[in-house]
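Reader: I have a few questions about the labels used for this protein. Please set each value against its definition.

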Amino acid sequence: LGPPGLVNPGDAISINTVAQQFIVAHSPISTSNWAVTLSYNVSGSFSPSNQILLYFDSLDLNMLITLTVTTTSGNLTATYNIVTPGPTLDFTVALPFSSLAGPGNLANTTGISITFNSGNIPDVDFVLFGKDRGIQLTW
């Protein structure tokens, strides 16, 4: 898996099905700085009270995450600054829909995208839990 920029030894995006983790690793010998976007095509009616919860196993540097909700009337976006909580490895981040801005209407949602490292900071590595945690949409 991965964007065309995965050219350096050590660059990797993987889904570890045994540990149920989503892993993004940048090369330790270069300054890789690519972003990763996960998209979900979903038709539905959402509201500002909805949010995405991200369950991190680890994050080695602060990074920006951009949430985009596509609607029939335009896109709503918000960018969140995710700060590494120090030596703690296991932590949760909320991306509230109340932070979204743009011409769209949440009642007419057609898709949701999450872009990790949207600020293209070099060498950001992270691991998301899987199974019952990982990435959740709350109602």
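Author: Helices (H or I, at least four residues) and strands (E, at least two) are DSSP runs, numbered from the N terminus. By that rule the protein has zero helices and ten strands. This is a predicted model: local features need pLDDT of at least 70, side-chain atom pairs count only at pLDDT 80 or more, and totals for chains, interfaces and linings use all residues. Residues are numbered from 1 along each chain as its sequence is written, and side-chain values use heavy atoms, without hydrogens and water.

Reader: Why is Asn117 called buried?

Author: Buried means under 20% relative accessible area, exposed over 50%, partly exposed in between (1.4 Å probe, protein chains only). Asn117 has 1%, so it is buried. Asn117 lies in the loop between strand 8 (109–116) and strand 9 (126–129). Its phi is near 60 degrees, a positive value in a residue other than glycine.

Reader: What makes Asn120 partly exposed?

Author: Its relative accessible area is 37%, so Asn120 counts as partly exposed. Asn120 also sits in the loop between strand 8 and strand 9. Its phi is positive, about 55 degrees, although Asn120 is not a glycine.

Reader: What makes a set of residues a nonpolar core?

Author: The members are buried Ala, Val, Leu, Ile, Met, Phe, Trp, Tyr and Cys residues, joined through side-chain atoms within 4.5 Å. The largest such core here has 29 residues. Leu54, Phe56 and Leu95 have the most contacts inside it.

Reader: Which residues does Leu95 touch?

Author: Contact means heavy atoms within 4.5 Å. Leu95 touches Ile52, Leu54, Tyr80 and Ile114, among others, not counting residues up to four places away in sequence.
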